[in-house]
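Thank you all for coming; I would like to walk through one model this morning, taking the sheets and the charged pairs in turn. Please have the sequence and the structure open while I speak.

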There are 2 protein chains.
Amino acid sequence: MARLATLFTILAFLAPQASAAPPASMADILAASPPSDWRALDPANTIYLQLPKGRVIIELAPSFAPHHVANIKTLIREGYFDGLAIVRVQDDYVVQWADPDGKRPLGAAAASVKAEFDRAYDIAEPFTPLPDPDTYAPSTGFADGFPAARDPLSGKTWLTHCYGMVGVGRGNDADSGGGTELYAVIGHAPRQLDRNVTLVGRVVRGVDLLSSLPRGTETLGFYKTTAERTPILSMKLAADVAPGDRAPLEALRTDSTTFEALLHNRRFRHDDWYKTPAGRLDVCNMPLPVRDVGGQ
Amino acid sequence: MARLATLFTILAFLAPQASAAPPASMADILAASPPSDWRALDPANTIYLQLPKGRVIIELAPSFAPHHVANIKTLIREGYFDGLAIVRVQDDYVVQWADPDGKRPLGAAAASVKAEFDRAYDIAEPFTPLPDPDTYAPSTGFADGFPAARDPLSGKTWLTHCYGMVGVGRGNDADSGGGTELYAVIGHAPRQLDRNVTLVGRVVRGVDLLSSLPRGTETLGFYKTTAERTPILSMKLAADVAPGDRAPLEALRTDSTTFEALLHNRRFRHDDWYKTPAGRLDVCNMPLPVRDVGGQ
């Protein structure tokens, strides 16, 4: 109820004469957001994946997959991914990058890490639930800036396979993934993968550099020839890049009143174009705003 | 119940020793399908959208949007779309093609057609329902080869905005669309558009030719320059193409026992890779098989 009351407060603030004024747009709501509703991306948990056409920025989710995230950071710092390639682009599914030859040394990193498909949650943890039914989970919402789900019966929580989410490829053994093969979702959320793969983060900038790549024509979207692959020029942690070369990004806190107002806005599209607002929202249809504060 | 019994029959046929044999894969189920479970695409309701890199094939849905489909056919037969362009590619949303200058004559076609957002349904109409909850609709399933939804309270049915679905752009007036601007979904299903736009069909081949296009950098994904646009070489009905130049495609009937078996297979992924089958299926996560029978 406190959350709802705050929501009404912010809505009233945005549209003092709510009954007469047009409803606040998403842009209006963001423009009115207080600085405290935003958080700077942590350079130690932000990846820069450099492709020939630009930089893809990924925010890691150590609160959901601490061991995989740690192993991926080790791989990154050893330069494991530099010079590798995008080897697979399957339409309406995933883009995957890996060592095509499987010969690169792992150094101090582990070849595999025990699965982190889900974890126990504490009811006091920040979680902004969606009130609408979900096909795949008893409850969905947002945690730490990521789309997530919860099952109160088992007491487990997990990240959900929405567009732009990044996961760890694995073999048939649940514990066979380690982070040497990573994928990003570029299609309709393949939610059947939830709790079957370890998700480690999400693309916050440049997902179009992945989603617009030519599709591979072999089974599962693998490229037929090496020439079709997109090279990975480098993959670095933002913390290891000179401060002047970092992208100064802030993400909207998903436990903020601004985010609650956005959720309301997206569930009830009261603008001139929508004739039948859904009154519902799929966890994978909610934009998670990220802004560049370089100019401020 | 009859449907369920038939499903068990086909499953038993596919795996006579169901308790011992490995479960049938999607490929197994399709390989065992009888010819009567397939239907040839109707050339009068099949569009060939020719782009420089290949042909996109769209199946029209006259049972859901008869007036829009008729108007689009008139436009096509007048050559309205030939030489137009893809003007908009918005990541995780839509590809849109239209007359960028809005100057092309409409001939006998109407500039706008009354909205066909939904329609009444008869309970006897073929509809293969999904048993799982959906965020946006009381009931979802498949009708005439398309993903669809129903609301038993209002007695209405409508097509759902899944990946690859094709719709009619419109202005703020519900009745302002006519088919001169068409879009295809290339991202997570924007189901909030359901019942707000008239859907007219779906891409059955070549959606990757649309989804892999470079994204536009202007608002809503419009291209900044004309040079960025992809030209539409032609847009024709299959019926107006010489038989030898047609793609001989068949779609799996969504009211067939084979399709029921596939639905079961996708809800319960009992293979070596899946550790936690979802036991659920989103209407937009079900592949709708189309096969080329040219070689048979």
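Predicted model: local features only at pLDDT ≥ 70, side-chain atom pairs only at ≥ 80, totals over all residues.

Residues are numbered from 1 along each chain as its sequence is written, chains are lettered from A and ligands numbered from 1 in the order in which they are written, and side-chain values use heavy atoms, with hydrogens and water left out.

Returning to A:Asp92, this residue sits in the loop between β4 (85-89) and β5 (94-98) of chain A, strands and helices here being DSSP runs numbered from the N terminus, with at least two residues (E) for a strand and at least four (H or I) for a helix. A:Asp92 has a positive phi of about 60° although it is not a glycine. In chain B, B:Leu220 has a positive phi too, near 65°, and is likewise a residue other than glycine; B:Leu220 is found in the loop between α4 (207-211) and β14 (230-231) of chain B, and is partly exposed at a relative accessible area of 45%.

Now to the sheets. Chain A has an open sheet of 9 strands in the order β14-β4-β5-β12-β11-β13-β3-β2-β15, with antiparallel pairing, two strands being counted as paired if DSSP finds at least two bridges between them. At the edges stand β14 (230-231) and β15 of chain A, each with a single partner strand, so one side of each has no neighbour in the sheet. Within this sheet, strand β11 (residues 165-168) and strand β13 (residues 198-205) of chain A run antiparallel and are joined by 4 bridges, with A:Val166 opposite A:Gly201 in β13(A). Helix α3(A) lies across β2 (46-51), β3 (54-60), β11, β12 (182-185), β13 and β15 of chain A, and runs at about 120° to β15(A); the angle is taken between N-to-C directions on a scale from 0 to 180 degrees, along lines fitted to C-alpha atoms, for helices over the stretch in contact, and contact means heavy atoms within 4.5 Å.

In chain B, 3 strands form an open antiparallel sheet in the order β1-β16-β17. Its edge strands are β1 and β17 of chain B, each of which pairs on one side only, and the twist averages 30° from one strand to the next. Strand β1 (residues 38-40) of chain B pairs with β16(B) over 3 bridges in the antiparallel sense, B:Arg39 having B:Ala251 as its bridge partner, and β16(B) pairs in the antiparallel sense with strand β17 (residues 290-292) of chain B over 3 bridges, where B:Glu250 stands opposite B:Arg291. Which way do the side chains of β16(B) point? B:Leu249 and B:Ala251 point one way, B:Glu250 and B:Leu252 point the other way, and all are buried.

Over all chains the search finds 20 salt bridges, a salt bridge being a side-chain nitrogen of Lys or Arg within 4 Å of a carboxyl oxygen of Asp or Glu. One of them joins A:Asp240 to A:Arg77 at 2.8 Å, N to O, and it links distant parts of the chain, since A:Asp240 lies in the loop between β15 (234-237) and β16 (249-252) of chain A while A:Arg77 is in helix α3 (residues 66-77), 163 residues apart. A:Asp240 itself is partly exposed, at 41%. A:Asp132 and A:Arg267 form another salt bridge, their closest N and O atoms being 2.6 Å apart, and both of these residues are buried.

What, finally, of a buried charge without a partner, B:Arg170? B:Arg170 is buried and has no salt bridge, and the nearest side chain of opposite charge, B:Asp173, is 6.9 Å away, with Lys and Arg counted as positive, Asp and Glu as negative, and His and the chain ends not counted. The side chain of B:Arg170 does reach the backbone oxygen of B:Asn196 at 2.8 Å.

Definitions and conventions: Buried < 20%, exposed > 50% of the residue type's maximum accessible area, 1.4 Å probe, protein only. Polar contact = N/O pair within 3.5 Å; in protein donor to acceptor, adjacent residues only side chain to side chain.
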